[in-house]
Amino acid sequence: MEPSTESIRVKRLVGLCKVWGVVKYFHPYLAYRHDIDWDAALVAAIPQVNAVKDAAEYATAVQGMLAALDDPVTRVIQQEPATATTPPHEKQPSYTVTPDGILVISINYYDDLSDFFGAAQKLDTIKAEIPKARGMLFDLRAATPSSSDMGDLQFMFRNSEIASTLSTTPLVTAGERTRMHLGLAPQISGMGFPYTAAFQITDGRQILPAPEARELPVVFLINGWSELPPEALALQIAGKAAIIVEGDASDASLGVQTYLITLSDGVSAEIRLGELISEDGAGGFFPDQVITPVASSSTDDPALTASLKLLRDFKLNPPQRTPLPAHAVPAPDNAYPEMMFPSLEYRLLAVFRIWNAIQYFFPYKDLIEEDWDDVLREFIPRMEQADSDLSYHMAVAEMVTHIHDSHGFVRSPVLWELFGPAWPPIRLQIIENMPVITLMLDEEIARPAGICYGDVVLKIDGEDALERIADCAKYRAASTPKNLMYQAAWASLSGPEGSLITLTVRDRDNVVKDVRLPRKAEYAELYGLPQRSGDVTMLLTEDIGYADLDRLEVSEVDEMFEKFKNTQAIIFDMRGFPRRTMFAIPPRLTERKEVKVALGQQPCVMTPDRSWNVSRTWVQSISSTGKWTYKGKTVMLIDERAISQAEHTGLFFEAANGTKFIGSHTADTNGDITNLTVPGDIMIMFTGQAVRHADGRQLQRIGLVPDIEVRLTIAGIQNRKDEVLESAIHYLQCEIEKSQSHPIASKPEVDIVIKPFQWEDWYVMWKLNAYHLAELGIIIDDADQGPPDFNLPYDESNPNYPEMDMAWIDEAYLKGRGNFWIAWSDDQPLGHVGAQDCGDYIELRRMYVRAEYRRRGVGTLLVQALIEHCKRQKVSEIKVWTADDGLGRLLYAKCGFRQIALSDAERAHKRAVEGEIRMCLELR
């Protein structure tokens, strides 16, 4: 299928974008040549590219942009030059001696140098002639472009050490400097970003004179296809050689680094990456003479004649050499604040800036999970179609969402005006797939208006709340869907300063009502405003302390530890944004030295070829402290509000003493931010350096993973229950009790085997059930004899037989996708669990472990056996009833279960009436 005219046009613009970006970040001129307006060169080229009809016109348009650099090395190559037929000739290098003793070395057919051994022998023969010569001419004019890469001549020249015989004093070859970027240097500074750009300089090489060295005139004769050995420039700078050019030549002949980029239509572009810099600080390539070439049919050779003439009367007039700037001072990008709705060319400039910044400097580009080229192809026409300042700014924001980075903030004056700079004094979170009010920033305003914790928001200013949130999500970058919805829920509430927002809410009594709240700019921060009120630090029990890291200041850390000195555990609440306490608290949690916390990787970009770039890696460790160390257990509460520094804080705590995480996944993004600007005074931020766990495990787009997953429920919020905090308290109380009452060291080792129920296990299983009932105060006199045979059909609802399911295991559990398991140690039964097929889900029932074998992992192994069975049976959900304040809840949470809202039927269930909760594990 032939590509459409439109796709060809877009493909040409894609190529233009890539050429422009390579030059912007890697061409040395743009580091200090402020007379080059690279934006203007692009703006002029875009309409020309859009108008081209064929490859030749496309090549001309791209070359027109590159002409702004005034650099002969950087050029368009429309097609590879045809390789001319090599005429018969003596294998080179070859030489002749003129009657007056000038040694002429000819290397005009560079392909001959591929025979390294033969060429080296010939050069050795030539070296033997040098002592007899009165002058030397290296005729390096290539008869045709070489069919191989440059470098063979330079290698042969260096390997022969011929230059060491041409000077009685040391020579120094030129170095080369190229651009190097440690991340993307931000356009808006003053925010402490660790990113910069610099020149990287490759050292020159010193050439010491050989014992037989002598001074004699030397001329190097080259043309536009020639290679020129670095020794030639060293001899010229030392005043001991001249360089004569036939036609055009540049420092490309000296092997200065370039990058070849393939465009469309058979067009390529060669871009300069480096520039020569000599010992005296001068750069560039300056021939002693330039001779106009003659027609190939002519028998005259004015360049050869001029070279011989100079050798016979060797009086040099060294060319003027221009010092290069000692260091770079790149011109800042113009944000074009006057262009709220830029013209088409400047809208495409925005696309090109964003694409190239991410292409070279986003450390998580491999995690985007999209083809970044496809994003460029999509947004070129999207930007062209923008017909207002609003549609343009929205398109910029939407393009940034494709990096999937929660640091991908877009600061746009137009979007700020559109969405509004003010918020009501509440925050929403998506709980059980609904937007729920979880925070009141000012209860004196929110409560009189009719707002209560746990209210479900149905509409925002008359618009369906979920639809409005989904619309806001289109313009927010996020590492994970959960964090995206958190950001979008916050953004959905914004509006003009002083305006009123109308929320349609459903309260805990299922009453739907409209409430109105004022918007204020002081509530605008998403991560900066306190998430909780009350004491920052407090004793929850005699043994458990609590510290809110969202509000705790570094200056308060020592006082906190003194308050908790006699506790056995501390809960650190990191559901928010910390205040740099990660450097003050973790050193107090460990006595180990040099505890590694995180592995950082900062992009070190030295070439447009990403496969050749590296990362500057650093390892962060916990600093030591002379203060006393806290020995108790610690947990950290986390959820999607924990981002960046908050997640980094978690890494410190985890490394210090194995702090356990309780709650839900964090925002999944970490690393200091950098920024760029685009037309319309838009600032774009993104993560500039990667951060991983100290062992190299991925953190971005995964975040801190809870050891015990607990998700908030609407019912819990309505009842003002902090279910995450309660789970942490339960966990720590169990741990404290375990350490006090059941020391691990005193427990004998138990080999546990989980086996499915067999009929021969029936009496054993009934006896286990009798143990369980005995713990509850129900004594079965004939427990050892097994259950009586009531000769009743299986009917679990029969009030005369409350243990019917245990008497009829086959009917209750061994049907459909159900099963039943017993935990054994040798021949001793330790506990059991059942999976009952309820159609759409599996009900986990009869979870029991004998008291003397608890806290040894038996319950976990039983639940895991059930989960693995359900996975094999393609079960989508496992549900369970459990006590709200019991150990079972902690066990199920550890295995991935979360509390869910009750249906009407479940609310009427006896277990719900007795205070039990419903938990669920989703398997797909």
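Is D461 buried, partly exposed or exposed? In this predicted model, D461 is partly exposed, with a relative accessible area of 36%. The side chain of D461 meets that of R519 in a salt bridge, at 3.0 Å from N to O. R519 sits in the loop between β23 (512–518) and β24 (537–539), whereas D461 sits in the loop between β20 (456–460) and β21 (463–464), so the pair ties together parts that are 58 residues apart in sequence.

A search of the whole structure gives 52 of them. Another of these joins D333 and K24, with a distance of 2.7 Å from N to O. D333 belongs to the loop between β16 (322–323) and α8, and K24 to helix α1 (residues 5–26), so this pair ties together parts that are 309 residues apart in sequence. Both D333 and K24 are buried. A salt bridge is also formed by E811 and K815, whose closest N and O atoms are 2.8 Å apart. E811 is partly exposed at a relative accessible area of 31%, and K815 is partly exposed at 45%. Side chains of opposite charge can pair when their charged atoms come close. Salt bridges also link R532, D548, R551, D573, R575 and D722 in a network.

The nonpolar interior was considered next. In soluble globular proteins, nonpolar side chains tend to be buried together. The largest nonpolar core in the model contains 112 residues, and L16, W38 and I585 have the most contacts inside it. Helix α8 (residues 344–361) gives the most to this core, contributing 12 residues. When neighbours within four places in sequence are left aside, I585 is in contact with L549, L552, V557, M560, F561, F572 and F653.

L42 was taken as an example of a buried residue in a helix. L42 is part of helix α2 and has a relative accessible area of 0%, so L42 counts as buried. Apart from neighbours within four places in sequence, the contacts of L42 are with L16, W20, M65, L349 and F352. S298 is 256 residues away from L42 along the chain, and the C-alpha atoms of the two residues are separated by 43 Å.

Helix α3 (residues 55–66) has 12 residues, which should span 16 Å at 1.5 Å a residue; the end C-alpha atoms are 16 Å apart, in agreement with that expectation. Within α3, the buried residues are A55, Y58, A59, A61, V62, M65 and L66. These residues cover an arc of only 160° around the axis, which means that they lie on the same side of α3. An α-helix has 3.6 residues a turn, so residues three or four places apart point the same way. The buried residues of α3 pack against α1, α2 (38–51), β1 (75–77) and β12 (268–272). At the start of α3, a side-chain oxygen of D54 comes to within 3.2 Å of the backbone nitrogen of A56.

Helix α10 (residues 389–401) has 13 residues and reaches 19 Å from its first C-alpha to its last, close to the 18 Å expected at 1.5 Å a residue. Helix α10 is mostly covered, with 10 of its 13 residues buried. The buried residues of α10 are Y392, H393, M394, A395, V396, A397, E398, M399, V400 and T401. They pack against helices α8, α9 (372–385) and α11 (413–419), and against strands β17 (410–411), β31 (673–678) and β32 (682–687).

Strand β31 includes N675, which is buried at 0% relative accessibility. The side chain of N675 reaches two backbone nitrogens: that of Q187 at 2.9 Å and that of I188 at 2.8 Å.

Key. Residues numbered from 1 in each chain as written. Predicted model: local features only at pLDDT ≥ 70, side-chain atom pairs only at ≥ 80, totals over all residues. Heavy atoms only, no water. Core = buried A, V, L, I, M, F, W, Y, C linked by side-chain atoms within 4.5 Å. Buried < 20%, exposed > 50% of the residue type's maximum accessible area, 1.4 Å probe, protein only. Helix = DSSP H or I, 4+ residues; strand = E, 2+ residues; numbered from the N terminus. Contact = heavy atoms within 4.5 Å. Salt bridge = Lys/Arg side-chain N within 4 Å of Asp/Glu carboxyl O. Expected span 1.5 Å × (residues − 1). Arc of directions from axis to C-beta. Polar contact = N/O pair within 3.5 Å; in protein donor to acceptor, adjacent residues only side chain to side chain.
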